Amino acid sequence: MAEKFVRAVSKPSRSDVNPIRVKEVYRLEDIDRIFVRLEMKVTKGSGGVPRLSYTGRDDRHFLPTGLHVVKTVNDPWIMAQSQSTGRKYFYNTHSQTSTYCLPPDSIAPFHVCHQQRLFWVWEEGVRVHDCQTRQDPEKLSKDDILSFIHEHFQP
């Protein structure tokens with residue numbers, strides 16, 4: 001619905017109006033699709049030093065500073081993957097019931113998504129691209145995230 005709204009109010013022919021965009025959304029198990037779109041580019045004002053750049057779906061380039069991780073499943077529900085079928089299912093921790101169908105009350109409302117989101121800051125020492133050489137072992141990097149996801153998510 002947000003994308004439909006943006007298309008309705010966009011005025012690309014007016015240079016005096018700031019464009020509005022909808023952020024791209026990925027499931028956690030598809031996070032590697034984000035890393036594939038990252039590249040090191042020399043940009044205006046970078047003094048000839050390549051900076052991390054993200055190419056969006058409309059071929060525009062952004063200089064990312066991090067990644068928001070948003071909770072989309074409302075308590076007391078959790079989403080998991082069945083080991084026997086490989087399908088996602090929803091489990092209610094209070095009633096101890098599970099279903100493959102999306103229960104309407106499992107969808108987190110906006111205020112939960114907004115208040116409980118996490119921001120992974122891509123600061124100095126956080127390695128998210130193979131061309132970045134400096135990695136601080138005390139900071140969370142791409143390889144840490146990918147290994148955690150691959151360990152806990154078997155497609």
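Which residues line the largest cavity? The views below go through this predicted model, where local features need pLDDT of at least 70, side-chain atom pairs count only at pLDDT 80 or more, and totals for chains, interfaces and linings use all residues. Numbering runs from 1 along each chain as its sequence is written, and side-chain values use heavy atoms, with hydrogens and water left out.

**View 1. The largest cavity.** Lining it are R127, V128, H129, D130, Q135, S141, K142 and D143. A cavity here is a set of points on a 1 Å grid over the protein atoms alone where a 1.4 Å probe fits but cannot get out, and lining residues have an atom within 4 Å of a point. This cavity has a volume of about 50 Å³, volume being the space filled by probe spheres set on the points. Four of the lining residues are charged, three polar and one nonpolar.

**View 2. The second largest pocket.** A pocket is an open set of points with protein on both sides within 12 Å along at least five of seven lines. This one comes to about 320 Å³. Of its 15 lining residues, L52, W122, E123, E124 and Q132 lie nearest the centre. Strand β2 (residues 50–55) gives the largest share of the lining, three residues.

**View 3. W120 and its partners.** Skip the neighbours within four places in sequence, and W120 is in contact (heavy atoms within 4.5 Å) with F35, T65, G66, L67, V126, V128, L140, S141, K142 and I145.

Technical notes:
Nonpolar A, V, L, I, M, F, W, Y, C, P; charged D, E, K, R; others polar. Helix = DSSP H or I, 4+ residues; strand = E, 2+ residues; numbered from the N terminus.
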